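Let's take a walk through this one, strand by strand and ring by ring. Have a look at the model first.

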Amino acid sequence: MAEHEVVTDAVPTAVDDPCAAPAGSGGCGNVDLALNRVFTLLGKRWTGMLLGVLNNGGPAYFSELRRAVPGISERMLSDRLTELTEAGLVVREVDPGPPLRVSYRLTEGGVALKPALTELAVWADRYLPESALRGGC
């Protein structure tokens, strides 16, 4: 746990963090910091789909991921994979070749997301109408 966090009832709150301010004081005191971290990363477009592809299909090459997620540009795919790698959810492996190929696989932390992703899919099937999806794949 970071030095600036304290634990109260197993819910982390940050000291000197505007989000730790009491509700009504202009801060976001009711925000769970762990959920904030999760949705800061996973709430970005394409990220959840990439994790889903890697969770369901195992390691994949860049070109396979590009085909598996219709509509994502190569630049955006590269950016999202870099973010997931930096977050410790994905490992980038370079195959020596020739030809030189780069594959991506989930780390233990990435694999641990599978039950949560599965539950989100079940929830979406039950409660989220398809009409709520505007312009996505």
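How many bridges join strand β4 to strand β5, and do they run parallel or antiparallel? There are 6 bridges between β4 (residues 90-95) and β5 (residues 101-106), and the two strands run antiparallel. Before going further, keep in mind that this is a predicted model, where local features need pLDDT of at least 70, side-chain atom pairs count only at pLDDT 80 or more, and totals for chains, interfaces and linings use all residues. Residues are numbered from 1 along each chain as its sequence is written, and side-chain values use heavy atoms, with hydrogens and water left out.

**The sheet**

Helices (H or I, at least four residues) and strands (E, at least two) are DSSP runs, numbered from the N terminus, and two strands count as paired if DSSP finds at least two bridges between them. Strands of a sheet pair through backbone hydrogen bonds, either parallel or antiparallel. Here you get an open sheet of 3 strands in the order β3-β5-β4, with antiparallel pairing. The edge strands are β3 (60-61) and β4, each of which pairs on one side only.

| Strand pair | Bridges | Residues facing each other |
|---|---|---|
| β4 and β5 | 6 bridges | V91 and R105 |
| β3 and β5 | 2 bridges | A60 and Y104 |

Helix α2 packs on this sheet, touching β3, β4 and β5, and its direction makes about 85° with that of β5. (Axes are lines fitted to C-alpha atoms, for helices over the stretch in contact, and angles run from 0 to 180 degrees between N-to-C directions.)

β4 and β5 also form a hairpin with 5 residues between them, and G97 in the turn has a positive phi of about 70°.

**A buried asparagine**

N55 lies in α2 (residues 47-57). Is N55 buried or exposed? N55 is buried because its relative accessible area is 12%, and buried means under 20%, exposed over 50% and partly exposed in between (1.4 Å probe, protein chains only). Leaving aside residues up to four places away in sequence, N55 touches L106, G110, V111, L113, K114 and L117, where contact means heavy atoms within 4.5 Å.

**Rings**

R101 lies over the face of Y61, at 3.5 Å from the ring centre; the cut-offs are NZ of Lys or CZ of Arg within 6 Å of the ring centre and within 35 degrees of the ring normal.

A search of the whole structure finds 1 aromatic pair. That pair is W123 and Y127, tilted, at 6.3 Å centre to centre with 40° between the planes. Rings of Phe, Tyr and Trp (its six-membered ring) pair if their centres lie within 6.5 Å, and planes under 30 degrees apart count as stacked, over 60 as edge-to-face and the rest as tilted. Both residues sit in helix α6 (residues 114-127), 4 residues apart, about one turn of the helix.
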